[in-house]
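Student: I'd like to go through this model and ask you to back up each label. Can we take it piece by piece?

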Amino acid sequence: MAQRRSGVLLHITSLPGTPGIGTMGKNAFRFADWLKSAGQTLWQVLPLGPTGYGDSPYASFSTFAGNPLLIDLDDLVERGWADPADTVPPDYIKDGGPVDFGSVVWWKMPLLYKCASYFHRNCSQQDRVRYEAFKNDNASWLNNFADFTSIKKFYDAKAQAEGVSGLASMWNQFWPKDLAAHDPAAVSRWDGSHTQDIEEIKAVQFFFYTQWEALRSYVNSLGIKIIGDIPIFVAGDSADVWASQHLFQMDRSTLLQKTCAGVPPDYFSATGQLWGNPLYDWDAMRKDNYSWWVDRIRSMLRLVDIVRIDHFRGFEAYWQIPYGSPNAIKGKWVKGPGKALFTEIKKRLGDLPIIAEDLGVITEEVEELRNGCGFPGMKILQFAFNAEEWTEESALNKDLPSNYTNPNVIVYTGTHDNDTTAGFFASADKALIKNVADYFDVSEELTPGELTDVLIDAAFRSTANTCIIPMQDLFRLGSGSRMNTPSTLGGTNWAWRMGEEHFCMEEAARLKELSVQSARNLF
């Protein structure tokens, strides 16, 4: 029987106490200590890549690079890699409250490049050796990322000066054709004339990886594993697509996408969801033995212990939408690589500690792929109930704890895309509340916070081997603490940060007791 375990979902950006945004600094280590005191063995985070327009960690400039905004400035100073005078934030950058990504990017990115310049001028010989080793070990992605970022910085500034914005300023529409086509000679010429800029970009990545490796090492030393997150698709405006255009469904003459990703119309949306990501050319990837994906998983496993793959169903079949479509209606299902991809990855990397995000409408073929690979799926307690009269069909809802026929699953109260559970109950119909109360044999008069505790207790006591609770639910926070509302941009998305009060030892003790009672803290 697999070990029963539990943990908490909290992204690094949501940590408190540092200017503008959560970082990999002292409070990240402190949160690991809090998890240990609470008897938890898992810490789940969101994707760690550098975020772009919309600030979503699921739309990154690179699937291999780290997000510079997560770098801790105090740590850079302590290592002698930054001038303390340079790291003092301006008045408009606050230590608490939600993340204002625009202000943080405006302040922190130029500062990090300044720190990188300071590092190159002042680092020790030992640090210089470590930096050169980092560059050599990561050259397969780092060189392309540094080139992409350097070129992008220049042409983004040019586009802004010319009043061009949004998608029109992307690499495949605004850069010179030879650079956009990733012509080796053109890229080499850029390298030769932008050496300092490129070295600063690489040094910032060295900062990220150095800090993350220190944090992960500490977390692991406490008996806690980190669950990371990989979006199945990558952003069109990314080093990944720019440097490997032949692996995507691209028109090599125009450099534009032929197709894009999304999901078809359903109960929730009459026009479906048009995500816009470029789709993979799986035939080209198969001819290369899926090396790009092997490298992606290998790189991720350098950062985390367990990998959650978002939109897993897309490996069985994906919704292909013609590029330029106004919505997702005219798409079609196209078969993905299926088990062949994971067989190749396992052949080259060994056993795969992967969680399959299998939410939404899942077919028998997707279940067969997930089970055939031996990957656990996900159950969401918020999805287990609706406001309709209880029927035989609703009693068979796969998210109800009584229907977990296979313990090889991860149960959540909600995910980063859900409302907080207290917010969910605060806006729920009375009929839904009645169904929840009847199922768990509790009073319909319970508050949203008390009902949140009912779902947390149910998750821990369920037969699911793994239980993950968002930090907001542990503290019964309302909708104002929601992490993300899908299909929306800006606003409060991705901006929530915990407060100092959430390092509460009483709550840690309560969580540990629940873990003991449900046999989930057997270190």
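Student: Why is Asn67 called buried?

Tutor: This is a predicted model, and the call comes from a computed value. Asn67 has a relative accessibility of 6%, and buried means under 20%, so Asn67 counts as buried.

Student: Where does Asn67 sit, and what does Asn67 touch?

Tutor: Asn67 is in the loop between strand 2 (42-44) and helix 2 (73-78). Leaving out residues up to four places away in sequence, Asn67 touches Leu48, Gly49, Pro50, Thr51 and Phe208. A polar atom of the Asn67 side chain also lies 3.0 Å from the backbone nitrogen of Leu69.

Student: And Ile362, buried or exposed?

Tutor: Ile362 comes out at 18%. The cut-off for buried is under 20%, so Ile362 counts as buried. Ile362 is in the loop between strand 9 (354-356) and helix 14 (364-373). Apart from neighbours within four places in sequence, Ile362 contacts Arg313 and Glu367.

Student: What makes Glu500 and Arg30 a salt bridge?

Tutor: Their closest N and O atoms are 2.5 Å apart, and the definition asks for a side-chain nitrogen of Lys or Arg within 4 Å of a carboxyl oxygen of Asp or Glu. So the pair qualifies as a salt bridge. Glu500 lies in the loop between helix 19 (471-474) and helix 20 (505-517) and Arg30 in helix 1 (residues 26-37), so the pair ties together parts 470 residues apart in sequence.

Student: Why are Glu500 and Arg30 called partly exposed?

Tutor: Partly exposed is the range between the buried cut-off, under 20%, and the exposed one, over 50%. Glu500 has a relative accessible area of 46% and Arg30 has 31%, so each is partly exposed.

Student: How do you know that Asp229 and Arg308 form a salt bridge?

Tutor: Same test: N to O is 2.7 Å, against a limit of within 4 Å, so the side chains of Asp229 and Arg308 meet in a salt bridge. Asp229 is in strand 3 (residues 225-231) and Arg308 in strand 6 (residues 306-310), so this pair ties together parts 79 residues apart in sequence. Asp229 and Arg308 are both buried.

Student: What about Arg476 and Glu507, what makes them a salt bridge?

Tutor: The closest N and O atoms of Arg476 and Glu507 are 3.3 Å apart, and the limit is within 4 Å, so the label holds. Arg476 belongs to the loop between helix 19 and helix 20, with Glu507 in helix 20, so the pair ties together parts 31 residues apart in sequence. Arg476, at 27%, counts as partly exposed, whereas Glu507, at 16%, is buried. Salt bridges with shared partners join Asp453, Arg476, Glu507 and Arg510 into one network.

Student: How many salt bridges does the structure hold?

Tutor: The structure holds 30 salt bridges.

Student: Which residues have the most contacts inside the largest nonpolar core?

Tutor: They are Phe31, Trp34, Trp43 and Trp293, in a core of 160 residues. Helix 9 (residues 195-221) gives the most to this core, with eleven residues.

Student: What does Trp43 touch?

Tutor: Setting aside residues up to four places away in sequence, the contacts of Trp43 include Val8, Leu10, Ile12, Phe31, Leu35, Val219 and Ile226. Lys225 is another one of the residues that Trp43 touches.

Technical notes. Residues numbered from 1 in each chain as written. Predicted model: local features only at pLDDT ≥ 70, side-chain atom pairs only at ≥ 80, totals over all residues. Heavy atoms only, no water. Helix = DSSP H or I, 4+ residues; strand = E, 2+ residues; numbered from the N terminus. Buried < 20%, exposed > 50% of the residue type's maximum accessible area, 1.4 Å probe, protein only. Contact = heavy atoms within 4.5 Å. Polar contact = N/O pair within 3.5 Å; in protein donor to acceptor, adjacent residues only side chain to side chain. Core = buried A, V, L, I, M, F, W, Y, C linked by side-chain atoms within 4.5 Å.
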